[in-house]
Amino acid sequence: MLTQTISPLAMASLQDLPGNELVRRFNDLFSRSQFEPAFDVACAEVMRYPALEYAAKRAALAVQKIEMRGFHPLYKQAIVHCFQALTIEHRHFMFAWLALMTFDPLHRPLMNLMDAEDENDFDRKIDWKTIRPCVMDPFFQLGIRKLMVADIPFELLLTRLRRFVLTAHKTGSILTADDLPFLCALSEYFYEHEYAAIETPSETDLISGISEKSDDISLAVLGCYRLLHPYPQAQKRALDKNLSGDIKTLLSFHVIDRNEEADIKKNIPALTTIDDAISKNVADMYEDNPYPRWRGFDLPPVLYPVPRSEILVAGCGTSKWVVQTAMTFPNVHITGIDLSRSSIAYGVRSARQVGAFNTYFAQGDILKLDQMDKQFDLIESSGVLHHMKDPDAGFKQVVGRLKPGGRMFIALYSELGRQSIVECRKLIAEKGFSITPEGMRQFRADIISLPDEDPLKQIAMRRDFFSLSECRDLVFHIQETRYTIEDLKNLLNRHNLTFLGFREQAKALQEKYISLYPDDPRMTNLDNWEKFEQAFPLTFANMYQFVCCRREEENTPSEGFAQIDACKFFSIGRTI
Amino acid sequence: MTYLNLSGQTPTQHMMDQDAHAKAEAGRLYDIAKGHIDREEYKTANPIIENILTLHPTHIGAMELKAISAYTFGDTETALYIAREIKKLQPLYPGVDILIGRILVKAEQYPEAVTTLEPALAKQPYDEGFSALSRAYFYLGQKPKAEESLRRAMAITPDKAEHIYMYLSYLYQVTETNDPHFARLHKLISESPTDMNSAYLHYALFKAFQDIGDYDRAFESLQVGAHAKRKAIHHQSGHLERWMDDIRTYFSADFFENQHIQGYDTEQPVFILGMPRSGTTLLEQILHAHPDISGIGEERRLSELITEFSSLPEYDGKPYPLRRSRSGAYLPPQAIGREYMHFMNKTGNSAKRIVSKSIAHRLWAGMSSLIFPGARYIHIHRDPMDMCLSCFATNFTGAAQGYTYDLAELGTHYKTHTRLIAHWNDVLPGRILNVRYEDIVKDTETQARRILGFLNLPWDDRCLEFYKAEKSVSTASVDQVRQPIYDRSVGRWKKYEKHLAPLIEALKE
């Protein structure tokens, strides 16, 4: 057991301080990279002002920088409050949460079950009476509901727990209405992960036995295995006016949101035609499942009321970027287009809920962008063009929508960065896993069963591995082109574009680059980057995320873009 | 991306620097900061105070200045913390208990304020301390003690206009034309006081003339007082009314038809809408007496949250009108709801319905209806002549309600207000209950039953004996709500009818 990072006394004395003083101390500590005491101060502030969003924001900032090395109940309580915050990504707390789960004496019986060798061993070891206090702990429940926990041992634990719950429900002797908060939380976990974990044939049998039951326990258990939207009894229950508590929350995800999206889908305008065969296939692929599923996001602490400018998001998916940008720049007008009506509907629903009226969504094919007459100050197309049959044709269309002086934020797959993925794609091809939920679950099960040292298992380090639609995009996509820096140079040349820098780089990486290439302070020399990536092949494991503009327009940004750029909200290359 | 510092302060490192040079420098800076504070130049003083505290973190004088500055800006939490730190460091520091007591009064913690101020003032009499004590007793409903404390303040500084005003307006009834207060007031007025003090003196004179039934001279004093007050607070004519019209046009019927904003799910909040002096306090007190309802009085939290943090994109070509902040801080509606409900539940003890009354609620109704899709609104309406006269006759705290100091302006404001309320009734159908002050006064039970029905709560007899409820009230109506309902303020304007031509003219369509 490692030492605690905080003494109860220190926390108690912090809790006497007035709010402004806590903020001042936090800013001071954080700016001096004293992250652990900064986190303590933030927790004290959260305890004092449990509903203050900015306190939770501070805690979320600090928690990403620390390693939780011990248990303290105040951390637990503070994190429970942070889980209720609406303007942060709860996922930041995942590692701290997992660590606290590990160190918390209350959760020892539950966490010990991670050591079970297999299903049978798990069944031998589990004792509902000792486990129940763990799974009824709000800290545990909120964690599995809100975090999208991306951790294989934890997934295994919950998958086995799910099987236990299903079996127990069948025998009818254990679960009661009091257990609903836990069952709903478990159900929400599997819903969020889109049932990525494999189910055994015996489970499939048991599920069919409860698929028509309409009591809340059965609905919650069924929700651990199936999306409830298509089930008539779930639809009926969801519309019950007296619904409250956890089951209401659960059914709002499973049913209400889905119904709303179905309604929205009917009214999405079509901006262009979709004729291309691959475009049609891709559209079909996303039609079943909006991608990527998201709930909250880090709302920037300040917004920028710059005058009106126009942004296009070509391939907006479920529109997290659109909504976040629309809220950050309330006067900017944002158009999102995508092939998938399901994904757009998800985005429309999310934009509506927060009042982002400055968004406009339409179904459209990037290949047909010339059918629209509008031009934009900024076009974002991230992780989209490399899924087209002819990315160059798409690129040409996107460039055609730029205003003079407009900028593009592009993200493309890197050949080097995706080596482990390429190996996985080979495995998928060899074993013939299909692009169906079953095929993807089987693939995941195969990866999970690999020994930890197997290089293929690296893929499980990626968060995308833990939900079905993200896993599909990660390794199963029907169309994928990967690029090298050489390819990037050629691509930019073919379209008469100038490279303005990579985005979203860690500070450490920038420092490394500058130390190697001190004569390129703006970090825009792609020859250097080519050597750099050879030396550090995982630099672009995510993607090449870069900014470019038409040649000769480097120094004459459009007025709209210049205003957005002046806010320094987007990280564009290196800001000197 | 820069991280927001909510307090707007730059981080200063607290160094325990005991070096003599630093101390000398701190002493020099203290004199400068003190000068600024004495001249009420708080914004200039604040950074200097921070510098002193960086050099010398336990500089008692600087800590005191910081507490005074925080107190002046309404940050009673910080002020109280610092004052208590001073007491910890130097328990015998003169005046520290009085400072703590004054902050407690501002923080509306009256019983604690009394127990702090009484012994401290016995040791060290101080006029501002006594007037704070008087205020505390007054809001606690202990009028004789309030009067006595104020007398003691006036014994120390007999000419302080604010104290004379408080004394004559709230604590003392003039009965004779030769009451010595008349001479005192006339003498002080003749000494060319500042606009603010002139206002205090004339409002005091108005009350004194009214007490003896000399309505013409009362009104004459009132007009001079109102004029002085208007000048003192630099009221910008038409500003608020244009804002109200902007709000009305942004939150259009079309807006409400097309928005799908997700709010905070609760049925607890009840907002009282009305103009000042329309009976909002009375209504709140009647409701507060109900066991399932908690009235949290006049609070500014929602106003702060909405003007500081809310933002919506422009709609139909019109910019979002409610945001006033330049800090850039932002919260989506649901998050504002969460923060506000936390505040309400803490203040209102998690009652089934929590009633908040604030003159500003009428401005926020469009937004608060989105933040709280389950909130209910009660609009209280009163005869415009009575209400406007009552507004005109009130010297509101500070710069609030600046439109009430000119009759024509008041009439225009009333019409703008009426348009806004009619609009909320149109776009928020079923969510607003309209009640009339005169009906409540005439038949409280019928109206209370109607309101409770609207709030979906059972009847309770205690609503009729609201004046027995123990609770401090800190609005201009503090005196009225401690008595059973009376109707003598209905039709009061008739006494002043011949002076009210500009108002009557402005109220005409």
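Modeller: This is a predicted model, and we can start with B:Ser134, which counts as buried because its relative accessible area is 2%, where buried means under 20%.

Biologist: In which helix is B:Ser134 found?
Modeller: B:Ser134, buried as we said at 2% relative accessible area, touches several residues beyond its neighbours within four places in sequence, among them B:Ala146, B:Leu150 and B:Met166. The element of chain B that holds B:Ser134 covers residues 127-139, and this is helix H7.

Biologist: What is the strand order of the open sheet of five strands in chain B?
Modeller: The strands of this open sheet pair in the parallel sense. Strand S2 (293-298) and strand S5 (432-436) of chain B each have a single partner strand, so they stand at the edges and one side of each is left without a neighbour in the sheet. From one strand to the next the twist averages 20°. Read across the sheet, the order is S2-S3-S1-S4-S5.

Biologist: Which residue of S3(B) stands opposite B:Gly295?
Modeller: S2(B) pairs with strand S3 (residues 353-357) of chain B in the parallel sense, and four bridges join them. Within S3(B), the residue opposite B:Gly295 is B:Val355.

Biologist: What angle does the direction of helix H17 of chain B make with that of S2(B)?
Modeller: Helix H17 (residues 333-348) of chain B packs on the sheet, where it touches S1, S2 and S3 of chain B. Its direction and that of S2(B) make an angle of about 105°.

Biologist: How many disulfides are there over all chains?
Modeller: A disulfide needs two cysteine sulfur atoms within 2.5 Å. The sulfur of A:Cys43 has its closest cysteine sulfur in A:Cys82, at 6.6 Å, which is too far for a bond, and the sulfur of A:Cys548 is likewise too far from its closest cysteine sulfur, in A:Cys549, at 7.2 Å. Over all chains, the count by this rule is zero.

Biologist: Is A:Cys548 buried or exposed?
Modeller: The word buried applies under 20% relative accessible area. A:Cys548 has a relative accessibility of 0%, and therefore it counts as buried.

Biologist: Which residue is the bridge partner of A:Glu310 in S2(A)?
Modeller: Strand S1 (residues 310-314) of chain A is largely enclosed by the rest of the structure, because five of its five residues are buried. Both of its faces are covered, with A:Glu310, A:Leu312 and A:Ala314 on one side and A:Ile311 and A:Val313 on the other. S1(A) runs parallel to strand S2 (residues 333-338) of chain A, and five bridges join them. In S2(A), the bridge partner of A:Glu310 is A:His333.

Methods
Residues numbered from 1 in each chain as written. Chains lettered and ligands numbered in written order. Predicted model: local features only at pLDDT ≥ 70, side-chain atom pairs only at ≥ 80, totals over all residues. Heavy atoms only, no water. Pairing = 2+ DSSP bridges. Helix = DSSP H or I, 4+ residues; strand = E, 2+ residues; numbered from the N terminus. Axes fitted to C-alpha atoms, helices over the stretch in contact; angles between N-to-C directions. Contact = heavy atoms within 4.5 Å. Buried < 20%, exposed > 50% of the residue type's maximum accessible area, 1.4 Å probe, protein only.
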